[in-house]
Amino acid sequence: MFSLKIRIGQFDSDSTFQSLWPQVRQKIDALESESLPVLLLKRMQDTSLSVLLNILNRLNDGQRNALYCYIIALCRTNIHSALTSSLARTEAGQSIAFSGLRLHTDTLGGLTLFADGIEIDYDQLLKSRQVVEALGGKAFLVKMAMPLLSQNQRDRILLNAVRQSKYQSAILEKGNQLLKNAGIILTIADLDLTEDTENHPDNAGKPVFPAALKNALVDAFADFVRTELA
Amino acid sequence: MICAKLSISSLDCKASLQGLLPVLAKKKGDPDSDQPLYRFLGRLGGSAGNVLPELLDAVPSSALEELLLGVVAAYEGPLVRQINSALAAHEISKSFSAERLLMERDTTTGNYHLMLGGININYGTLLDNEIVMKKAESLIDGIFDRYSDSTAGQLFSLVARKALQKTANVGKIANWLIHNPMDRRCVQLLEMETVKKPLLQQAERALHQTGVCVTLEDAVFSFDQAAQPETHLPENRCIFDSAWLSLESKRAVVDAFVTYIEKHLKEAQ
């Protein structure tokens, strides 16, 4: 199994929020809470998106990143389905399965996306035209050798291949496109495929809304009302 | 201590909320609160004065009623302090200070009333008033009559009546009599129309000064036996998280707020 660490170069937070908003809305509509913020979000229809974007842009970078980590976690099932469907539409993609996706803020305040529990069906992968073309003259040799190799050896070959710079730009481009199809609009700075030996508990269960964000959102909302409406 | 149930003949919920809300926002609004509504109000600062009255225009009357009862509950502490200071500015009522306030609606009649509880009375100040004093005198006369069926009682009554002829002593004796049976005797005094009427007028004026637009119809005084019932909301609770507002009313308030946002966004564009 592998874990794919995707360092994000540019994150189009507004577009990502817009594309994920229907999913977030669905989650909000399903809430039974009678609290003021929930009732307010449920009631706001067409107005909500532009108002929310305005409010979110009043958060600082750290707060905004924390909010997006939460939103990705909230929508991870749908994002996972969308990515899996997109992968299934390509020959090479059909050989890839993964268990979870999570967005993290790193110590420098940047955003990193992780795809965990990646499993490769090598037989399927080597049937892909793109992979065969990429391997060129070595394709036949690799196909012949693959059944003789252990899973560990196969994984190592894949890791080495992915790390080769000649494949990087194509992978990055494909990655950008796949994520866009799933509603996450960004430009990947670089990615690193590593062996995945850890459990990722934050990939399961109900995500917890960061407590510190509650006050930040109230402040941003009040700032919006004070400066734009009152 | 006594409590007073003030029957309300007319109540302007919207005007009352318009009077109370800006003060509530100022008093309860805390930019550092962890309670979302109070933090929001605190962060709005002076702008709350522009937002809240306009918001009330869009709230239906059924929700306004519930909102007012909730606001009075949420605002009990500061409201009671304001009422007490308003009462202190008037004759008779200046001897009263309440500890609790609750606005309720009688579910059978649909009428509103205000319960002022834990009323402490400064008898010295109360008996300084001429109307109260005259009534106290007649009350004392009534008490003396009870003693007339025994020789000792007749003697006591005679001495006391003589003493009462000297006006300077009336206050002392009345004070003593009222303090002995304590507040129960005072309740009788307050129930006398000539004392109750000005007191009602002063209470109504005090409420108006606080922002509650009511007309008071009657007052029923009783000995307060309640052991500090929790009528108010704890400081950190918001009326939105309480049972004071029904879900329909919460939705109505939220509707009004969204209407407000949409209207002003359109204007801004």
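**Chain B against chain A: a predicted complex**

Four salt bridges cross the interface of chain B and chain A. A salt bridge here is a side-chain nitrogen of Lys or Arg within 4 Å of a carboxyl oxygen of Asp or Glu. One such pair joins the side chains of Arg39(B) and Asp219(A), at 2.6 Å from N to O. The elements α2 (36–44), α3 (48–57) and α12 (247–268) of chain B each give at least two residues to the side that touches chain A. Helices (H or I, at least four residues) and strands (E, at least two) are DSSP runs, numbered from the N terminus. The largest share, 13 residues, comes from α12(B).

This is a predicted model: local features need pLDDT of at least 70, side-chain atom pairs count only at pLDDT 80 or more, and totals for chains, interfaces and linings use all residues. Residues are numbered from 1 along each chain as its sequence is written, chains are lettered from A and ligands numbered from 1 in the order in which they are written, and side-chain values use heavy atoms, with hydrogens and water left out.

Now the interface as a whole. In chain B, 26 residues are in contact (heavy atoms within 4.5 Å) with 19 residues of chain A. The two chains bury about 2,200 Å² between them, 71% of it on carbon and sulfur atoms. Buried area is the accessible area (1.4 Å probe) that two parts lose on being put together, summed over both.

How far does the predictor trust this? It gives the complex an ipTM of 0.80 and a pTM of 0.76. Chain B averages a pLDDT (the predictor's confidence in each residue, from 0 to 100) of 78, and 74% of its residues score at least 70. Within chain B, strand β1 (residues 2–11) has the highest confidence, at 90, and helix α9 (residues 167–179) the lowest, at a mean of 53. Where pLDDT is low, the predicted coordinates should not be read in detail.

Next, one residue of chain B. His113(B) lies in strand β4 (residues 112–121). Is His113(B) buried or exposed? His113(B) counts as buried because its relative accessibility is 10%; buried means under 20% relative accessible area (1.4 Å probe, protein chains only), exposed over 50%, partly exposed in between. Leaving aside neighbours within four places in sequence, His113(B) has contacts that include Lys5(B), Ile8(B) and Glu104(B).

Finally, chain A. Its secondary structure comes to 11 helices and five strands. Of its 230 residues, 43% count as buried.
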